[in-house]
Amino acid sequence: MNRIVGKEYFSPNVVKLEIEAPLIAKSRRAGHFVIVRCDEHGERMPLTIAGADLQKGTITLVVQKIGVSSTKLCDLNVGDYVHDVVGPLGKATHIEKFGTVVCAGGGVGVAPLLPIIQAMKAAGNRVVSVLAGRTKDLIILEDEVRRSSDEVIIMTDDGSYGKKGLVTAGVEEVINREKVDLCVTIGPAVMMKFVAQLTKKYNVPTVASLNTIMVDGTGMCGACRVTVGGKTKFVCVDGPEFDAHEVDFEEMMMRMGAYKPLEAEQMEHYRHEHEAH
Amino acid sequence: MEQRNEAWREALRQSMKPKERMAIGRVKMNELDGDYRSHSYEEVNQGLTKEQAMLEAKRCLDCPNPSCMTGCPVGIDIPSFIKNIERGEILEAAKVLKRTSALPAVCGRVCPQERQCESQCIHVKSGHQAVAIGYLERFAADYERESGNIAVPEVAAPNGIKIGVVGSGPCGLSFAGDMAKLGYDVTVFEALHEIGGVLKYGIPEFRLPNNIVDVEIHNLEKMGVKFMTNTIVGKTVSMDDLKEAGFRALFVASGAGLPNFMNIPGENLIGIMSSNEYLTRVNLMGAARTSDSDTPVIQGKRVAVIGGGNTAMDSVRTARRLGAERAMIVYRRSEEEMPARVEEVKHAKEEGVEFMTLHNPIEYIGDEHGRVKQMRLQKMQLGEPDASGRRRPEPIPGAVETIDVDEVIVSVGVSPNPLIPNSVSGLNVSRKGTIEVSEDMQSSIPTIFAGGDIVRGGATVILAMGDGRKAAAAMHSKIQAGEI
């Protein structure tokens with residue numbers, strides 16, 4: 001179980017893994033995530049499913065090296081096994097024919113956005129995808145996104161590819177020229193916060209997929225709790241997608257920093273050990 | 001009770017007068033020193049020696065109608081196992097336990113015996129201390145395990161009927177053990193990466209070492225029970241998938257894993273978490289406990305645990321072990337009303353835990369980084385008894401104090417996990433989210449039985465195990481009668 005059958009580098013720090021998980025491949029829908037644990041000492045880490053191949057019985061995950069666990073996962077190779085993969089978790093994306101849907105993704109957030117883009121297109125929507133990254137190298141899955149989008153706008157912070165500017169500039173351009181019925185956004189919390197602020201100004205309904213700290217991912221601990229519309233919600237069972245205009249992003253970003261000092265210390269330790277070998 | 005009339009047992013009864021037996025004082029459990037253990041994960045209770053156990057066993061009068069048994073939710077033949085200890089046949093005693101209990105080493109440690117078997121002991125009725133049934137149960141199970149001669153209970157010939165179990169906590173395990181004995185082909189589905197439910201993620205090592213739970217689980221495997229971890233019924237596999245795969249019936253024991261919060265201002269600050277999160281990080285994931293664990297946990301210096309149950313005691317004692325200089329229980333009633341076991345409260349106090357009873361948090365205050373730095377506590381007094389018969393705590397107007405804290409563990413109960421109830425249509429669920437079952441633990445869907453906390457809300461390990469046994473007996477008879 002959970003053998004890695006494919007590995008591709010999008011950039012030195014962003015890896016696409018194809019993992020055998022036939023039951024999950026069969027039952028997953030757009031928006032679902034899994035919890036993975038690399039090895040027997042590993043922590044449980046949530047990752048949104050970026051795709052699945054029913055014939056091969058595999059799911060696709062896109063992982064960015066950030067801390068110890070993501071680095072360990074990225075360092076696995078074809079033929080290696082991921083110790084634990086559980087899912088699909090969370091609620092699936094609500095898919096229907098809305099009209100025009102803008103899908104705004106930043107960085108590795110484009111990977112979990114892809115199945116939503118595909119499902120929105122299949123449901124008969126006009127899909128405009130806005131992909132954003134700091135620089136050209138960090139724009140991923142462009143071809144796949146193009147295949148399921150009516151239009152793709154690419155934004156880079158440094159202007160090295162597509163248009164220069166933030167994701168919000170791309171989204172605003174679309175809103176200014178046509179009626180947008182729904183916006184879906186996945187990316188860093190701060191990016192989703194600014195997308196939400198923008199679309200609120202234009203009254204465009206917006207859904208954000210939240211990526212909080214999780215432990216079990218099944219609703220039993222509340223590590224992932226966020227405030228939505230003044231109420232406490234658990235991202236793993238009530239989400240991960242919520243009405244972006246109701247999410248308290250400030251609190252969410254604050255909570256995501258809970259383990260920053262410990263994470264940095266651990267990464268230092270890991271690097272040290274790794275280099276010693 | 002089949003052994004009561006045997007010659008050895010008769011002779012044992014004759015060997016001492018009841019009065020002499022009554023005159024022996026109750027054994028004291030050997031335990032680690034409070035100062036030492038508050039910094040160690042070693043098991044606090046060290047168990048009885050064989051001599052201690054055999055002497056304690058003498059205190060049992062071998063009553064003809066043993067009332068202690070009525071206090072045991074799984075109906076262990078208590079006098080039989082104790083008399084086997086008295087005559088030194090400890091492995092025999094362990095076998096008696098295994099006839100009715102799938103996890104004796106666990107129950108001997110975590111059951112609230114003072115409210116169950118021991119509360120019904122004849123000694124108590126005559127004003128003495130009860131026979132230490134729990135200590136003896138633990139002794140017999142530990143002796144057997146350490147002897148390396150663990151007996152695998154006899155299993156009936158396979159009947160080829162597939163039964164699924166949702167959840168591998170104490171309820172699911174006891175059900176699985178009983179069904180395996182009856183010859184069923186049992187598969188247990190567990191959402192987490194380890195088997196054991198609350199025995200692994202909840203109850204800490206210093207009260208219940210994980211390797212002891214593993215030995216009992218391994219014994220179930222030897223009986224033919226199959227385990228599938230990382231499998232969520234209703235998500236990874238649907239009920240229809242299971243039906244298609246040939247499962248005749250299902251037992252749902254998914255527990256009450258959803259933590260309650262108080263919904264007071266500041267509760268989402270950094271450093272405030274549920275007991276479930278805190279204990280899962282430390283117990284299941286090894287955070288701050290094993291050097292090679294990748295899972296972090298906040299290790300506060302001034303830790304408040306809100307609540308008065310066993311989970312609260314487990315959390316506050318864990319906080320001490322993780323280096324808290326000040327570890328406080330904050331409970332809105334008085335110590336008398338605390339639902340935690342008397343022994344756990346005593347142990348917590350010995351380990352330097354402060355008890356702030358008749359206090360209730362009303363707000364948390366954070367620093368500029370969003371980390372909790374203070375809690376505001378409302379002082380309480382006890383008023384008239386409420387519906388539960390306990391005196392209702394009422395705020396004393398104006399009596400509010402502020403205390404510095406850097407970590408708060410919220411331990412104010414759990415609710416049933418909605419995962420299964422939400423994923424099965426046609427299942428009757430109560431307003432509180434528990435699955436409704438008949439006397440026979442059968443749900444509104446005839447092929448689905450349920451038990452433990454998903455039926456009761458948050459309850460005890462042994463009640464969950466009792467449900468598992470009852471459900472197994474009922475499911476078996478309905479299958480035999482061709483009803484399902």
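Predicted model: local features only at pLDDT ≥ 70, side-chain atom pairs only at ≥ 80, totals over all residues.

Colleague: How much area do chain B and chain A bury between them?

Modeller: About 3400 Å², with 54% of it on carbon and sulfur atoms. On chain B's side, Lys235(B), Asn268(B) and Asp294(B) supply 22% of the area that chain B buries against chain A, more than any other three residues.

Colleague: And how many residues does each chain put into the contact?

Modeller: Chain B gives 40 residues and chain A gives 41 residues.

Colleague: How many salt bridges does the rule find across the interface of chain B and chain A?

Modeller: Two. One of them joins the side chains of Asp241(B) and Lys26(A), at 3.3 Å from N to O. For polar contacts, the count between the two chains is 22 residue pairs, both residues at pLDDT 80 or more.

Colleague: Which elements give two or more residues to the side of chain B that touches chain A?

Modeller: Strand E7 (258-259), strand E8 (272-274) and helix H14 (275-284), all of chain B. H14(B) has the largest share of that side, with four residues.

Colleague: Switching to chain A. Why is strand E12 (residues 182-186) of chain A largely enclosed by the rest of the structure?

Modeller: Because five of the five residues of E12(A) are buried. Leu182(A), Val184(A) and Ile186(A) point one way, Cys183(A) and Thr185(A) point the other way, and all are buried.

Colleague: Which strand is joined to E12(A) by five bridges?

Modeller: Strand E8 (residues 100-106) of chain A, and the two run parallel. In that pairing, Val102(A) stands opposite Cys183(A). E12(A) also pairs in the parallel sense with strand E13 (residues 206-209) of chain A, over three bridges. There, Thr185(A) is opposite Ala208(A).

Colleague: Okay, on to chain B again. Where does Asp386(B) lie?

Modeller: In the loop between strand E13 (372-385) and strand E14 (391-404) of chain B.

Colleague: Is Asp386(B) buried or exposed?

Modeller: Buried, with a relative accessible area of 18%. The cut-off for buried is under 20%, so Asp386(B) falls within it.

Colleague: What does Asp386(B) touch?

Modeller: Arg333(B) and Arg392(B), leaving out residues up to four places away in sequence. Lys478(B), 92 residues from Asp386(B) in sequence, is 41 Å away in space, C-alpha to C-alpha.

Colleague: Last one: where is Ser174(B) found?

Modeller: Ser174(B) is in helix H10 (residues 170-181) of chain B. Ser174(B) is buried, with a relative accessible area of 2%.

Colleague: Which residues does Ser174(B) touch?

Modeller: Ala102(B), Ala464(B), Met465(B), Gly468(B) and Arg469(B), again not counting residues up to four places away in sequence. The C-alpha atoms of Ser174(B) and Ile150(B), 24 residues apart along the chain, are separated by 17 Å.

Technical notes. Residues numbered from 1 in each chain as written. Chains lettered and ligands numbered in written order. Heavy atoms only, no water. Contact = heavy atoms within 4.5 Å. Buried area = accessible area lost by both parts, 1.4 Å probe. Salt bridge = Lys/Arg side-chain N within 4 Å of Asp/Glu carboxyl O. Polar contact = N/O pair within 3.5 Å; in protein donor to acceptor, adjacent residues only side chain to side chain. Buried < 20%, exposed > 50% of the residue type's maximum accessible area, 1.4 Å probe, protein only. Pairing = 2+ DSSP bridges.
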